[in-house]
Amino acid sequence: MKRLISILLVLVLVSAFVVPFSVKAQNYKPVALMQLKINSENFNVDGLDMNFLLGGSAPLLIKEITYIPVRGVVEAAGGTVGWVSKERKVTISLNDKSLNLYINNPVAEVNGSKVKISDNSDVEPIIANSRTLIPAEFLIKSLSGTFDMNKATNNIDITLNKQLIQVIDVTGRKVLVPKKIYKIVSLYPMSTQLLFPLKSEDKLIATPAGKVTDFNNFAKVLPNAKNLPDASDFRDPNIETILSYKPDLIITTYQTPIKKLEEAGLPVVLLNQESPQLLLKSIQLLGNILGKYEEARQALIYFNEKLDYIKGKTGIINKKATLYIAGANILTTFGGDFYQTYLAELAGVISVSKDLKGGKVNVSAEQILLWNPEYIVLTPYCADSVNDVLSNPKLKDLKAIKEKQVFRMSSYILSFDLPTTESILGIMWLSNKIYPQIVNFDIEKEARNFYQKIYNFDIPEEDLKAVIGG
């Protein structure tokens with residue numbers, strides 16, 4: 001099984017290019033909800049606080065006319081803004097709208113047609129504090145949005161349909177998603193964790209409430225985790241629930257039935273995390289969609305450095321150790337098409353059940369005796385304890401039992417054997433446990449570094465001891 005590590009070094013480019021599509025045949029349209037305030041450089045988009053970045057750039061109220069910084073507003077919806085200095089012209093593009101406006105000129109061009117900005121000839125684009133400001137109501141309505149100004153509070157409410165781009169997910173589906181993504185719904189617990197290496201966890205607005213996630217630890221890493229609503233089950237997504245969250249993006253496993261999601265026009269991207277190679281490709285795909293190219297690159301470098309080190313150490317071993325991985329109980333294991341088998345391979349170990357098919361597989365004690373593994377690893381969710389296995393009379397003749405080479409793998413947010421980012425800790429731990437003479441990871445240091453680098457989280461010392469305990 002040569003297939004993984006050399007492939008892991010290749011950063012596969014995933015298509016994500018801008019095309020202004022229409023979604024007339026679909027019900028759902030991602031909309032940017034913006035709140036601005038006169039004389040304030042700060043504004044809010046879909047619940048996220050932002051600012052206009054350029055000093056002195058803020059909405060102004062001049063002679064009862066509201067002016068807004070055009071670049072910040074249009075780009076927040078995924079549109080583009082250009083400036084032609086010779087003509088003092090502002091060019092704006094959002095979805096199927098194209099505008100040209102000229103400084104101190106009351107006439108604009110909308111999709112090629114000349115249009116008066118206002119019946120009042122004094123209403124025109126201006127430069128204030130060295131920044132371009134556009135009459136807000138004309139701009140927003142010309143872009144098919146809505147504009148409301150509360151003169152009592154100086155608050156401005158704007159809605160704009162978001163610019164869509166086309167992306168290709170792991171199944172080859174072409175999906176329309178907003179160019180600017182602020183709100184993500186995850187239907188699959190393992191997909192949720194992919195947002196952390198991309199530093200995009202703040203965009204998560206709903207996540208599944210499945211039992212596989214330790215929400216106490218999840219809330220330590222993401223304080224708002226316990227307050228996130230249930231996104232529904234990836235096996236049977238609740239369309240009405242998901243629609244109520246108004247997401248920009250839905251991420252889930254390729255195993256999710258998505259017909260109803262597609263019919264509603266919801267922007268759902270399918271991921272495949274069923275091997276470490278595919279896990280890394282999913283990180284890169286999401287990085288491209290979210291514009292987190294450098295974050296994705298750094299994550300892949302981190303993972304590949306650890307895997308290269310293990311391969312360099314274990315690749316010289318002529319006779320690899322044999323391992324039995326117990327799932328829900330000692331008589332449940334994993335076939336060659338499940339993540340646990342790939343994890344063992346990357347750790348330099350041979351999973352004795354690798355030739356089985358069907359994912360999670362029930363086996364007999366007799367079959368385990370025939371395999372006679374040198375090591376047994378229990379998943380964190382295995383109902384049997386290490387002592388249960390060591391004292392099981394049916395297994396007493398196993399090499400692993402006789403030599404007391406039975407261990408339990410750790411977990412934190414998710415179990416380290418599952419197809420998520422934390423599995424790299426499971427791979428490092430396993431290689432270190434089975435080959436302590438040649439693999440020299442300081443697991444405590446590695447775990448601390450992993451959560452700092454990938455999750456931007458300083459794991460508490462008491463938690464760290466539990467994580468590395470095994």
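Residues are numbered from 1 along each chain as its sequence is written, and side-chain values use heavy atoms, with hydrogens and water left out. In this predicted model, local features need pLDDT of at least 70 and side-chain atom pairs count only at pLDDT 80 or more, while totals for chains, interfaces and linings use all residues.

Helices (H or I, at least four residues) and strands (E, at least two) are DSSP runs, numbered from the N terminus. Two strands are taken as paired if DSSP finds at least two bridges between them. In general, strands of a sheet pair through backbone hydrogen bonds, either parallel or antiparallel.

Gln35 has Asn44 of β3 as its bridge partner. The hairpin of β2 and β3 has 4 residues between the strands, and Asn39 takes a positive phi near 70° there. Strands β3 and β4 are antiparallel as well, paired over 4 bridges. Asn44 is partnered by Asp49 in β4. Between β3 and β4 the hairpin has 2 residues, and Asp46 has a positive phi near 50°.

Strands β14 and β15 run antiparallel and are joined by 5 bridges. Thr146 has Thr159 of β15 as its bridge partner, and Asp148 stands opposite Asp157 in β15. The two strands form a hairpin with 4 residues between them, and Asn154 in the turn has a positive phi of about 65°. In a regular strand the side chains alternate between the two faces of the sheet. Strand β14 (residues 146-150) has Phe147 and Met149 on a covered face, whereas Thr146, Asp148 and Asn150 are on an uncovered one.

Side chains of opposite charge can pair when their charged atoms come close. With a salt bridge defined as a side-chain nitrogen of Lys or Arg within 4 Å of a carboxyl oxygen of Asp or Glu, the count comes to 16 salt bridges. One of them joins the side chains of Lys162 and Asp248 (2.5 Å, N to O). Lys162 lies in the loop between β15 (155-161) and β16 (164-168) and Asp248 in the loop between α6 (239-244) and β20 (249-253), so the pair ties together parts that are 86 residues apart in sequence. Lys162 is buried, at a relative accessible area of 2%, and Asp248 is buried at 0% (buried means under 20% relative accessible area, exposed over 50%, partly exposed in between, with a 1.4 Å probe and protein chains only). Salt bridges that share partners join Asp46, Lys162 and Asp248 into one network.

A further salt bridge forms between Lys220 and Asp463, whose closest N and O atoms are 2.8 Å apart. This pair links distant parts of the chain, with Lys220 in helix α5 (residues 215-221) and Asp463 in helix α16 (residues 461-469), 243 residues apart. Lys220 is partly exposed at 38%, whereas Asp463 is buried at 11%.
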